[in-house]
Amino acid sequence: MLTAIIVAAGTSRRMGFDKLFAKIAGQPVLAHTIAAFERTDAVTAIVVVARADRHREIEEIVREQNFKKIHAIVSGGEHRQDSVRAGLDRLPENARHVAVHDAARPLVTPEQIERVYQVAREHGAAALAATVSDTLKRADVDLVVNSSVDRHQLFAMQTPQIFERKMVEEAYRVILADKVAVTDEVSAIERIRGKVVLVPNEQANFKITYPGDLPMAEFVLNQRAKRG
């Protein structure tokens with residue numbers, strides 16, 4: 001049984017407004033994100049982790065979109081790992097695998113989710129990732145280039161990241177005990193020396209970070225709608 005934790009507790013400081021409730025293709029960013037997991041056959045439950053002052057708006061989205069898989073809407077913490085821990089605490093008893101996904105990635109598709117899930121079922125942990133195609137450079141504190149970075153075998157991490165429940169719960173016990181910060185769940189799994197298999201992705205699945213990302217995401221969604 002696969003439960004998705006959608007992390008929606010950020011402050012959107014770089015946007016200047018709450019990006020998760022900005023509309024693209026007629027619906028809030030968060031609605032598109034939840035809908036992808038709602039449409040994924042393997043997903044049986046969804047836990048949304050959000051700021052307490054946004055719960056009512058999320059409940060309205062759930063009613064308007066008639067989402068059936070929402071198991072809980074819970075309050076997040078100060079840091080990402082605190083929010084994910086809050087989501088882990090509200091998993092259904094029968095959850096065997098856990099998918100963690102950034103709410104600000106509304107372009108994820110059920111097909112991508114299913115692919116990562118299949119690899120996670122085989123290996124215990126898997127994550128969506130994009131190959132790095134740009135030339136990479138290191139620079140000093142004055143932004144003067146001082147070396148090149150070999151991009152061979154480098155990947156930009158995306159979500160969903162899917163794990164056996166016992167594995168991700170153990171990883172979070174360790175990072176919380178050690179009081180370390182992580183930016184994604186793969187980093188948490190690394191703390192317990194777990195093996196994570198990457199699932200290469202070539203489709204748009206970028207994170208909404210800056211205002212200019214919203215029209216780009218809307219374009220992608222509209223193009224997908226035209227293709228049916």
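The structure is a predicted model. Strand β6 covers residues 97–102, and 6 of its 6 residues are buried, so β6 is largely enclosed by the rest of the structure. Helix α1 is likewise described as largely enclosed, because 10 of its 10 residues are buried.

**Strand β6 and its partners**

- Strand β6 pairs with β1 in the parallel sense over 6 bridges; within this pairing, I6 stands opposite H101 of β6.
- Strand β6 also pairs with β10 (residues 155–164), here in the antiparallel sense over 4 bridges.

**Residue H97**

- H97 belongs to strand β6 and has a relative accessible area of 9%. This value lies under the 20% limit, so H97 counts as buried.
- Beyond its neighbours within four places in sequence, H97 is in contact with M1, L2, T3, Y117, A120, R121, I162, F163, E164 and R165.
- The C-alpha atoms of H97 and G124 are separated by 8.6 Å, while the two residues are 27 residues apart along the chain.

**Residue N205**

- N205 is located in the loop that runs between β11 (197–200) and α7 (213–227).
- Its relative accessibility is 2%, and N205 therefore counts as buried.
- The side chain of N205 makes a polar contact of 3.0 Å with the side chain of Q158.
- When neighbours within four places in sequence are set aside, the residues in contact with N205 are H101, R105, L107, V108, Q112, L128, Q158 and T159.

- In soluble globular proteins, nonpolar side chains tend to be buried together.
- The largest nonpolar core in this model has 42 residues, and L20, L30, F37 and I46 have the most contacts inside it.
- Two or more residues of this core come from each of β1 (2–8), α1 (29–38), β4 (43–50), α2 (55–65), α4 (110–123), β7 and α7.
- Helix α1 gives the most to this core, with 7 residues.
- The buried residues of α1 are V29, L30, A31, H32, T33, I34, A35, A36, F37 and E38.
- I46 touches A4, I6, I34, F37, E38, K69, I70, H71 and A72, not counting residues up to four places away in sequence.

**Aromatic rings**

- The charged end of R54 sits over the ring of F21, at 4.5 Å from the ring centre.
- The count of aromatic pairs comes to 0 under the rule applied here.

Methods:
Residues numbered from 1 in each chain as written. Predicted model: local features only at pLDDT ≥ 70, side-chain atom pairs only at ≥ 80, totals over all residues. Heavy atoms only, no water. Buried < 20%, exposed > 50% of the residue type's maximum accessible area, 1.4 Å probe, protein only. Contact = heavy atoms within 4.5 Å. Polar contact = N/O pair within 3.5 Å; in protein donor to acceptor, adjacent residues only side chain to side chain. Pairing = 2+ DSSP bridges. Phe/Tyr/Trp six-rings, centres within 6.5 Å; stacked < 30°, edge-to-face > 60°. Lys NZ or Arg CZ within 6 Å of the ring centre and 35° of its normal. Core = buried A, V, L, I, M, F, W, Y, C linked by side-chain atoms within 4.5 Å.
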